[in-house]
Structure formats: structure tokens, C-alpha cells
Amino acid sequence: MTALYDVAGIGNAIVDVIAQCDDAFLAQEGLTKGSMALIDPARAASLYDAMASGIEASGGSAANTLAGVASFGGKAAFIGKVADDQLGRVFRHDMQAIGCAFTTSPLAEGPATAQSLINVTPDAQRTMSTYLGACVELTPADVDPAIIEAAQISYLEGYLFDPPEARRAFAKAAALAHGAGRKISMTLSDSFMVDRHRGALMGFIETQCEIVFANESEVCSLFETTDFDAAVKALAERCEIAAVTRSEKGSVIASGGSLHEISAYPVEKVVDTTGAGDQYAAGFLYGLSQGRPLPVCGQLGSLAAAEVIDHYGPRPQVSLRELARKNGL
């Protein structure tokens, strides 16, 4: 069956609020620099009031990746849960406006649409405080077989490995994808998530995932080692393709006994690292869906990551398709 989508993603549907701050503000608010902490509605309201003015935009890790795929000219679809509220309608409009299919029914009753309050310090580190709200209400019923079976690659956001219902949704998606001869990819998302679910996560990777994305701390956490090379090798032994990012050191792609080291694209000034990993995955998955060699997939990922870190916000501000063309990709 011919694929209708290059990449379909399942993830948290979140509206991002991004503002500049200094280290003193983080200390004042009791925030750990560079971390992602979950907060309740009351804390979300108080922190929002304390933050400097900034930008508000639809986000969420997998959703950001699909925005990148669409910017490359790929066909993308998203599955995620929003509430039937103003932020939920904003999120849906934003996804559809970039050409990404989003047909998941909204949550009629219950918590509000999720929001992530992101404070960015002058060194470009982002500190995230996230109210998950409606996005963790995703269930297997929300996984549309028509989307998963029609996508070359389905991309699963590791953050959703926490809620039991969402984990069952992942299992359903994997069964549908493999039944249709498609591939499953996953991002590890966060080293603390890896710590919480190491055993179950390892089992899911070994039995359900062809492609796994991680950063240096996540892959080392997964195998409980400080030996980066050993961790990458161990991950590659458990899936077809392991793509591991290392910030300014670029990335490493391991597959079938081959190892490809990909340089990071130079950036004049790093403004905000929010979304760098998401856009790396976008470039990589787009390239893979187009049959490009693995080193080129990594280069497309690095290019997309470089574009997103030189401005505020987790999504591309220029056409990644045109940027790739200009860079000979």
C-alpha cells in the first residue's frame, strides 16, 4: 500500500510559553536550570504571572518534529490530545496551518489543554515547567488505524511512556504499523523518564522499535553507564538505527555495525535550544522517508537543529526544504 504520510507522530499536545530570564529568576522561583518539571494548574498560573512577556506557540516534542517534517515538504500527521478549549483550538489550527493532519477528537470534559512554561537564560539553556493537562488523557481509542497504517514511519514521543493508557496506545500503534509493514521510531525524550521506566522501555525498544533517537545523557541513562561509545553500541544492538545527538559535538548514527559521525552545523549565536532534538528528528525522519543515505539523514537533522536554535521557539521559522536545497541537501 502506498503511504499517504511520510511520518505520523504520537505525542503530547502542548502550547509553549517562552520567555527570557536570568539565573536569579530561576533561583527565585526554585527552578533547576535546564530541567523539565511537571507542575499543577495553580503553579502554572503563578509562574505564568511571574514570567517576563514572551511568545506563545503550539509545541510538544513530537508535534514540533512533525512541524519540521512538514517544513521539509514531507507529509505529516499528528495524534495527540487537547481539550475543547481556546488553547486546544489554537493548537489544532496551528497544526493544520502548517499542513499537518490532526484529527484526534478533543477531550470534552476534564483538564485543560497542556502548557509548557519555558524560561530561557542568556546561555540559551531552557528550563521547562509543564502542566500536562489534557495531553496525558490519550488512550488507545485515539490511535487511528487509518493514519498509522498509512504512514511510512510512526514516531512515538517518550514522554508519553509515563501514563499507562498512553503506553497502551503506543503498543496499539506498533502492532498496526508492523501489521502494515511500516516502521516504528521513538525518542527517549528525557533521562529522568528513562530512569523511571528503564526495564519496560528496554523491552519496548527491543521488540517494537526500528529507529531510536536519544541524546547523550539519555542513552547513557538507559544503559547505566558513563561510557558513551558503549551505550551507543548497546542501543544499536537492540534496534535497526540508533541516532544519538551530542549538542555542539554533532551526532552519531549507528546501524548494522556501521557508525556515522555527523558534525553540527555552525550557528553564529545560540539563542534558544528548545526544540533542537525535535528538529534533528524531523530532518532525520524526513530524509529516511525519502530513501536518503543515513549520513545525509543526519546532516538534514543537524541542519534543522541549527535553524531552530538561532531563534526563540521550537519550530522552524524558514522553509527547511529551501534551507536544505541551499546547503546542497
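In what order do the nine strands of the open sheet stand? Keep that in mind while reading these notes on a predicted model.

1. **The sheet.** The order is S6-S5-S1-S9-S10-S11-S12-S13-S14, and the pairing is mixed. At the edges you will find strand S6 (100-102) and strand S14 (258-262); each has a single partner strand, so one side of each lacks a neighbour in the sheet. From one strand to the next, the twist averages 20°.

2. **A parallel pair.** Look at S1 and strand S5 (residues 76-79), which run parallel and are joined by four bridges.

3. **Two antiparallel pairs.** Now move along to S13. S12 and S13 run antiparallel, with four bridges between them, and valine 244 stands opposite valine 252 in S13. S13 also pairs with S14 in the antiparallel sense, this time over five bridges; there, serine 251 stands opposite isoleucine 262 in S14.

4. **The turns.** The hairpin of S12 and S13 has five residues between the strands, and serine 247 in its turn has a positive phi of about 55°. In the hairpin of S13 and S14, two residues lie between the strands, and glycine 256 takes a positive phi near 55°.

5. **Both ways from S13.** Is S13 mostly covered or mostly open? Mostly covered: five of its five residues are buried. Ser251, Ile253 and Ser255 point one way, while Val252 and Ala254 point the other way. In a regular strand, side chains alternate between the two faces of the sheet. Helix H12 (residues 294-308) lies across strand S12 (241-245), strand S13 (251-255) and S14, and runs at about 30° to S14.

6. **Helix H6, a length check.** At 1.5 Å a residue, the 16 residues of H6 (residues 164-179) should span 22 Å, and the end C-alpha atoms are 23 Å apart, which agrees.

7. Buried in H6 are Ala166, Ala169, Phe170, Ala173, Ala174, Leu176 and Ala177. They cover an arc of only 165° around the axis, which puts them on the same side of H6. On the other side, Pro164, Ala175 and Gly179 are exposed. The partners of the buried residues include strand S1 (5-10), strand S9 (151-157) and helix H8 (198-208). Just after H6, glycine 181 takes a positive phi of about 75°.

Conventions. Residues are numbered from 1 along each chain as its sequence is written. This is a predicted model: local features need pLDDT of at least 70, side-chain atom pairs count only at pLDDT 80 or more; totals for chains, interfaces and linings use all residues. Side-chain values use heavy atoms; hydrogens and water are left out. The expected span of a helix is 1.5 Å times one less than its number of residues. Buried means under 20% relative accessible area, exposed over 50%, partly exposed in between (1.4 Å probe, protein chains only). The arc is that of the directions from the helix axis to the C-beta atoms. Contact means heavy atoms within 4.5 Å. Two strands pair if DSSP finds at least two bridges between them. Axes are lines fitted to C-alpha atoms, for helices over the stretch in contact, and angles run from 0 to 180 degrees between N-to-C directions.
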